[in-house]
Amino acid sequence: MSKPADTIYTLQFGLVCLSSFLFSASFNMLIPELPAYLSKMGGAEYKGLIIALFTLTAGISRPFSGKLTDTIGRIPVMAVGSIVCFLCGFLYPLLTTVAGFLFLRLIHGFSTGFKPTATAAYVADLVPAGKWGEAMGVHGVCFSTGLAIGPAIGSTITDHYSINVLFYCSSIFALLSIVILANMKETLPDKQKFHPTHLKINRKDIIEWKVMPAVVIIFLSYISYGAILTVISDWSAHLGTSNKGLFFMVFTLTSLLIRFVAGKASDNYGRPLILKISLFLLAISMAAIALADSSFVLMLASALYGVATGMLSPTATAWTVDLSEPKQRGKAMATMYIALEAGIGLGALLAGGLFIDDIRMIPVTFYYCTGITLVALVYLQFFYKAKASI
């Protein structure tokens with residue numbers, strides 16, 4: 001393994017951040033347009049599956065990506081994720097039935113099952129332990145910038161050209177992400193050449209139990225994100241927001257601003273404290289979305305949601321690294337992302353099951369998300385403290 005630098009700001013760190021930016025923009029630029037696209041194909045009742053299927057295969061692939069990250073190396077696993085995004089962008093215009101579309105969402109999910117797992121391990125390898133929170137925060141800024149710009153770009157391309165052009169642009173972004181990976185140095189010591197036996201998974205390869213406190217928080221807090229991905233475009237349109245990607249842009253921009261300091265604050269003041277603050281703000285933002293009666297109020301709620309997630313994400317990721325063993329870092333990251341994808345998928349199913357094109361059910365969806373977030377806060381405040389004192 002490469003010796004961590006005294007600073008996080010190295011060429012390798014810059015390259016991995018740029019690659020993550022392009023990767024996140026690639027798949028997220030599709031999100032605002034997919035619900036309407038599926039409805040036009042006659043699949044309105046399957047909107048909840050747009051995200052749920054994506055997260056299903058992402059979650060299924062995590063044990064494999066975690067094991068491969070710890071055996072064949074970080075960079076090859078990152079490359080697999082980007083390649084899947086590249087291929088799917090060209091296949092969407094070809095598979096134009098509801099069944100074909102849903103099948104592609106399954107396949108597309110493998111991309112986030114691979115790249116983020118290896119990327120988190122790679123970043124942890126590059127920087128000293130005392131700067132993990134700061135590094136995850138800065139990397140999160142780059143990843144989230146892609147998440148923010150992607151939807152806005154996607155809606156603009158679709159409005160001025162067509163959704164097929166949007167699919168091709170998604171592939172181009174993924175291709176650029178792959179090109180950058182080719183110039184990066186591997187950080188895993190004694191990496192092995194790939195062999196089919198590496199794909200054999202047993203129970204001990206699936207979950208890293210040492211990181212479960214962080215996993216519980218991540219699972220419960222990301223249910224709200226699954227709901228947002230599924231119904232926020234419809235809620236935005238109902239409240240008079242013309243650009244379906246505006247909600248995503250607002251919350252991601254506020255998330256970017258707070259990430260610069262949140263990760264570093266967690267290095268200085270501890271992960272649990274920052275997580276408690278972020279969960280409290282997350283619960284308020286969910287209630288605010290439910291109560292929004294205008295586009296302006298919805299954007300304020302979006303900004304607050306961005307602050308909450310901008311604090312939560314790098315802190316929870318750094319906490320996962322804290323709790324893990326260096327030789328099991330890939331598995332630990334995979335466990336964390338399994339929880340994340342499970343939370344998003346459950347949130348998407350919850351929102352899709354409640355909504356079904358009945359706008360009156362969207363506030364109910366976010367009231368549920370408020371309650372679930374408060375459960376996470378209660379766990380961290382009481383159960384985890386009691387557990388930690390044993």
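I looked up aspartate 125 and found it buried, with a relative accessible area of 0%. (Buried means under 20% relative accessible area, exposed over 50%, partly exposed in between, with a 1.4 Å probe and protein chains only.) I noted that this is a predicted model, where local features need pLDDT of at least 70, side-chain atom pairs count only at pLDDT 80 or more, and totals for chains, interfaces and linings use all residues. Residues are numbered from 1 along each chain as its sequence is written, and side-chain values use heavy atoms, leaving out hydrogens and water.

Next I checked the partner. Arginine 74 makes a salt bridge with aspartate 125, with the closest N and O atoms 2.8 Å apart. (A salt bridge is a side-chain nitrogen of Lys or Arg within 4 Å of a carboxyl oxygen of Asp or Glu.) The two sit 51 residues apart, arginine 74 in helix α4 and aspartate 125 in helix α5. (Helices are DSSP runs of H or I, at least four residues, numbered from the N terminus.) Arginine 74 is buried too, at 1%.

How many salt bridges does the structure hold? I found 7.

Then I turned to another pair: aspartate 322 and arginine 271 meet in a salt bridge at 2.6 Å, N to O. Aspartate 322 belongs to helix α12 and arginine 271 to helix α11, so this pair ties together parts 51 residues apart in sequence. Aspartate 322 is partly exposed at 35%, whereas arginine 271 is buried at 7%.
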